[in-house]
Amino acid sequence: MRANLVTFYEITKFARYLINKNPKYPVGIQTFQNIREEKYLYVDKTKYIVDFRKKGMKYIFLSRPRRFGKSLFASTLQAYFEGKKELFEGLAIADYEKEWVRHPVLHFDMSGAKHFDAESLKHYLDFILLPYEDLYGKNEHELYPNERLEGIVKRAYKQTGQKVVVIIDEYDAPLLDVVHVKENLQALRIIMQNFYSPLKKLDPYLEFTFITGITKFSQLSIFSELNNLDNISMFDKYSAICGISKTELTTVMKPDVEGLGKALHMTFEECLEALRSYYDGYHFSKNSEDVFNPFSLVKALNAQDISSYWFGSGTPTFLLKQLDKFNVDLTELDSQDVMLSSFDLSPEEMTDALPLLYQSGYLTIKKYEPMFKQYTLGIPNKEVRDGLLNSLLPHYVNPRRIDNANFLLVFCKAVYRNDIEAALEHMRSYMATIPYDLENHTEKHYQTIFYLMFSFLNIYIYTEVKSAIGRADAVMHMPNTIYVFELKVDKSADEALQQIDEKGYMIPYQAKGKRLVKIGISFDSNKRTIEEWKIKEE
């Protein structure tokens, strides 16, 4: 059986080579029909539609981070329910579907309603309803969006004789950028809740309803009346419904990885590891498949270069505002043991930024402990880590400087040379530019800045590391050396070194066989930078 599978793969690989030596990658293309007709690379996800139909699933909600393939899957559903059989030749659903019934499909893309106030949102709903009223007609007594939506569905059913499919893509887009402003959120939420309210009572007229978003569906959210939604966001079997799984990357996409590796003078294994480091690491359930960011992966294959692409579209403003609102401790982002109820929440229920960080893709599930039903969340990969830190460092230090990237480059080079003196000197000069109106004299603030700077190095940097009788401020693991840091504000570097000794911060690392170095650092709150440091080898 295994031999047959290998033979099939080799035949598929050779066929792809003959058909298209220069594969086309769908950069920025989220329409299934365009991808299939123009012969762009498409990784078959139609087996999930087969699963929906076999199980008779009718109302489905899916939450995934931005740019993760939600819109493409929604477009695939639209093409399927519109009966476009020719687009599905050779795909999984072609072996299942025999009838290819054409249903009327209402596809609402809410991503166009970002940054709107209540009045603008009402105009947008009018804009997206008009084409369907042109197609199926309008009753003059239907004045409000919910009445108009109900009328469209009923007329579409009556005119075609087929039940209607409703697809709502990025349902929460109008809400995300105002999630931190309660009064604005409430006004927009009421409008959206009113718009979607007919869906439940329209059940006799509906064949299928599919809703996507970033934030989680909740009974307290805008779908409070639509309580029959199947939220598949954290089901193991749907973990790779969006994105590219490791299995898909190493089988049907193996020629693409080989081609990228050749362009970058890497072996297949080296290229796969580089892609894993940058774009893998997403897990959306207890026993999730390894999932790669599809947006960045396709961009890398198209550009023939492994780089950071997901953050190229900018860090959402709502994220920075949420981090400020909830005073997020960045030093503790990367390894948090939590219960599901701590991060699987709707915006109305959030009392900290953790749910939004998870749902937006800045944190993901790293481990699940079934005995305690406990999840460990962490930053998915290098791309997210670098992008997140690059966005946050100016926010915490000096947003008005334009040379933050140049500073980090010089700083990183000094650390990799094991020249801690030069790195700290550079840090001292940089921190002296912190504007007075941004200053924060707490030790935690300086520790956060310190953490952000060292985290760019993609090395092991831990903060507040526990020992038997205390916590070291930071521990940095290099190939041959372990550095233990203690930071003090308006106290001497000698006092910092003394605490390292008294608290036994070095003891856990004495059996590692590496060079051990302790570093005491003193911050001067008046000068707003490092006053002195002392470095001592054990």
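Helix H11 (residues 254–263) and helix H12 (residues 268–279) pack at an angle of about 100 degrees, and their axes lie 8 Å apart. Helices here are DSSP runs of H or I with at least four residues, strands are runs of E with at least two, and both are numbered from the N terminus. The axes are lines fitted to C-alpha atoms, for helices over the stretch in contact, and angles run from 0 to 180 degrees between N-to-C directions. Angles of 65 to 115 degrees count as roughly perpendicular, under 35 as roughly parallel, over 145 as roughly antiparallel and the rest as oblique. H11 and H12 are therefore roughly perpendicular to each other.

Which residues meet there? Lys254, Val257, Glu258, Leu260 and Gly261 in H11 meet Phe268, Cys271, Leu272 and Leu275 in H12, where contact means heavy atoms within 4.5 Å. By class, this contact has six nonpolar, one polar and two charged residues. Ala, Val, Leu, Ile, Met, Phe, Trp, Tyr, Cys and Pro count as nonpolar, Asp, Glu, Lys and Arg as charged, and the others, Gly among them, as polar.

A word on the model: it is predicted, local features need pLDDT of at least 70, and side-chain atom pairs count only at pLDDT 80 or more, while totals for chains, interfaces and linings use all residues. Residues are numbered from 1 along each chain as its sequence is written, and side-chain values use heavy atoms, leaving out hydrogens and water.

Now let's turn to the strands. Strands of a sheet pair through backbone hydrogen bonds, either parallel or antiparallel. Two strands count as paired if DSSP finds at least two bridges between them. Five strands form an open sheet with parallel pairing, in the order S2-S3-S4-S1-S5. Its edge strands, S2 (105–109) and S5 (230–231), each pair on one side only. Further in, S1 (residues 59–63) and S4 (residues 206–213) pair in the parallel sense over five bridges, and leucine 62 has threonine 212 in S4 as its bridge partner.

Helices cover this sheet too. H4 (residues 70–81) lies across S1, S2, S3 (164–169) and S4, running at about 170 degrees to S4. H6 (residues 145–160) touches S2, S3 and S4, and its direction makes about 150 degrees with that of S2.
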